[in-house]
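Here is a short briefing on one protein model. The points are grouped by topic.

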Amino acid sequence: MVLPPIAASVIGGVATTGGIGGPVGAVLGAVIIGIIENIIVLFGISPYWQSVVSGGVVVLAISFDSVSRRYFGRVG
């Protein structure tokens, strides 16, 4: 699966436009994605929903990054 590593890096603060982020944030993002996926498995939810949740998290993280750059003037 390709989506969890991408989701982990985006959650960790690595910009999809490049140039921003670091390994510590990517590792923290991987931990968060791992926790989310473990919770889904522990609740007995279908593995299909792991991809749906990971995709939703990526969309939210990219949206938050875009909004914060626009309104708070962060420049990468």
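Helix H2 gives the largest share of the nonpolar patch, four residues. This is a predicted model: local features need pLDDT of at least 70, side-chain atom pairs count only at pLDDT 80 or more, and totals for chains, interfaces and linings use all residues. Residues are numbered from 1 along each chain as its sequence is written, and side-chain values use heavy atoms, with hydrogens and water left out.

**Nonpolar surface patch**

- Val27, Val31, Ile35, Ile39, Phe43, Ile45, Tyr48, Trp49 and Val52 make up a nonpolar patch on the surface, with about 880 Å² of accessible area together.
- Helix H2 (23–42) and helix H3 (48–72) are the elements that give two or more residues to the nonpolar patch.
- Patches are made of residues with over 30% relative accessible area and no salt bridge; like charges are joined within 9 Å, and nonpolar side chains (Val, Leu, Ile, Met, Phe, Trp, Tyr) within 5 Å.
- A salt bridge is a side-chain nitrogen of Lys or Arg within 4 Å of a carboxyl oxygen of Asp or Glu.
- Accessible areas come from the Shrake-Rupley method with a 1.4 Å probe; for residues, only the protein chains shown count as cover.
- Valine 27 sits in helix H2.
- Isoleucine 39 is also found in helix H2.
- Isoleucine 39 has 40% relative accessibility, so it counts as partly exposed (buried is under 20% relative accessible area, exposed over 50%, partly exposed in between; 1.4 Å probe, protein chains only).
- From isoleucine 39 to glutamine 50 is eleven residues in sequence and 9.8 Å in space, C-alpha to C-alpha.

**Aromatic pair**

- One aromatic pair turns up in a search of the whole structure.
- The ring centres of tyrosine 48 and tryptophan 49 lie 5.3 Å apart and the planes are at 75°, so this pair is edge-to-face.
- Rings of Phe, Tyr and Trp (its six-membered ring) pair if their centres lie within 6.5 Å; planes under 30 degrees apart count as stacked, over 60 as edge-to-face and the rest as tilted.
- Tyrosine 48 is exposed, at 54% relative accessibility.
- Tryptophan 49 has a relative accessible area of 42% and is partly exposed.

**Fold and totals**

- The protein has three helices and zero strands, in the pattern α-α-α along the sequence.
- Helices (H or I, at least four residues) and strands (E, at least two) are DSSP runs, numbered from the N terminus.
- Of the 76 residues in the protein, 25% are buried.
- The protein exposes about 5100 Å², with carbon and sulfur atoms supplying 73% of it.
- Of the contacts between residues at least 6 apart in sequence, 43% join residues at least 24 apart (contact means heavy atoms within 4.5 Å).

**Buried interior**

- Ala7, Ala8, Ile33, Val57 and Val58 form the largest nonpolar core, of five residues.
- Helix H1 (3–11) and H3 are the elements that give two or more residues to this core.
- A nonpolar core is a set of buried Ala, Val, Leu, Ile, Met, Phe, Trp, Tyr and Cys residues joined through side-chain atoms within 4.5 Å.
- Beyond its neighbours within four places in sequence, valine 58 is in contact with Leu3, Ala7 and Val10.
- Glutamate 37, in helix H2, is buried at 18% relative accessibility.
- Neighbours within four places in sequence aside, glutamate 37 is in contact with Pro4, Gln50 and Ser54.
- Glycine 55 lies in helix H3 and is buried, with a relative accessible area of 19%.
- Glycine 55 and leucine 3 are 52 residues apart in sequence and 7.1 Å apart in space, C-alpha to C-alpha.
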